[in-house]
Amino acid sequence: MALSDKQKHHIEAWQASGLTKSAYCRQTGLNVKTFGRWCRLARQAADSDAPALIPVRLQPESTASGSLSLRWPQGHVLEIPGSVSPHWLGELLQCLA
């Protein structure tokens, strides 16, 4: 089931409000269980829209050492030997995404 523009607007307004789901529903007269279902559907749609490929940027210093450093925007770093199988690495990245 695709969400209507009105439902998406309510989800965005709730996220911007800083209120709990219950408090937002009380203010707007929405049923909390119905609103919770909308949020789950929106989250599932966002998860299914996730890219199948992960962008990678190679930097010269990473290949010179014979190891790879994978860096996430959140600051996590994973260092692995350059000899790691690309297939194994792809499976690992899918699990971490």
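Visitor: Why are α1 and α2 called oblique to each other?

Guide: The model is predicted; local features need pLDDT of at least 70, side-chain atom pairs count only at pLDDT 80 or more, and totals for chains, interfaces and linings use all residues. Residues are numbered from 1 along each chain as its sequence is written, and side-chain values use heavy atoms, with hydrogens and water left out. The axes of α1 and helix α2 (residues 21-28) come within 10 Å and cross at roughly 120 degrees. Angles under 35 degrees count as roughly parallel, over 145 as roughly antiparallel, 65 to 115 as roughly perpendicular and the rest as oblique. The two helices are therefore oblique.

Visitor: What are the axes, and what is a helix here?

Guide: Axes are lines fitted to C-alpha atoms, for helices over the stretch in contact, and angles run from 0 to 180 degrees between N-to-C directions. Helices (H or I, at least four residues) and strands (E, at least two) are DSSP runs, numbered from the N terminus.

Visitor: Which residues make the contact between α1 and α2?

Guide: On α1 they are His10, Ala13, Trp14 and Ser17, and on α2 they are Lys21, Tyr24 and Thr28; contact means heavy atoms within 4.5 Å. These residues comprise three nonpolar, three polar and one charged. For this division, Ala, Val, Leu, Ile, Met, Phe, Trp, Tyr, Cys and Pro count as nonpolar, Asp, Glu, Lys and Arg as charged, and the others, Gly among them, as polar.

Visitor: How do you know whether His10 is buried or exposed?

Guide: Buried means under 20% relative accessible area, exposed over 50%, and partly exposed in between (1.4 Å probe, protein chains only). His10 has a relative accessible area of 12%, so the residue is buried. His10 lies in helix α1 (residues 5-17) and, not counting residues up to four places away in sequence, touches Tyr24, Thr28, Leu30, Phe35 and Trp38.

Visitor: How many aromatic pairs does the structure hold, and what makes Trp14 and Phe35 one of a particular kind?

Guide: The structure holds three aromatic pairs. The rings of Trp14 and Phe35 have centres 5.7 Å apart and planes at 85 degrees, so the pair is edge-to-face. By definition, rings of Phe, Tyr and Trp (its six-membered ring) pair if their centres lie within 6.5 Å; planes under 30 degrees apart count as stacked, over 60 as edge-to-face and the rest as tilted. Trp14 lies in helix α1 and Phe35 in helix α3 (residues 32-48), so the pair ties together parts that are 21 residues apart in sequence.

Visitor: What are the values for the rings of Phe35 and Trp38, and what kind of pair do they make?

Guide: Their centres are 6.1 Å apart and their planes stand at 70 degrees, so this pair is edge-to-face. Both residues lie in helix α3, three residues apart, about one turn of the helix. Phe35 has a relative accessible area of 0% and is therefore buried; Trp38, at 10%, is buried. Trp14, Tyr24, Phe35 and Trp38 form one aromatic cluster.
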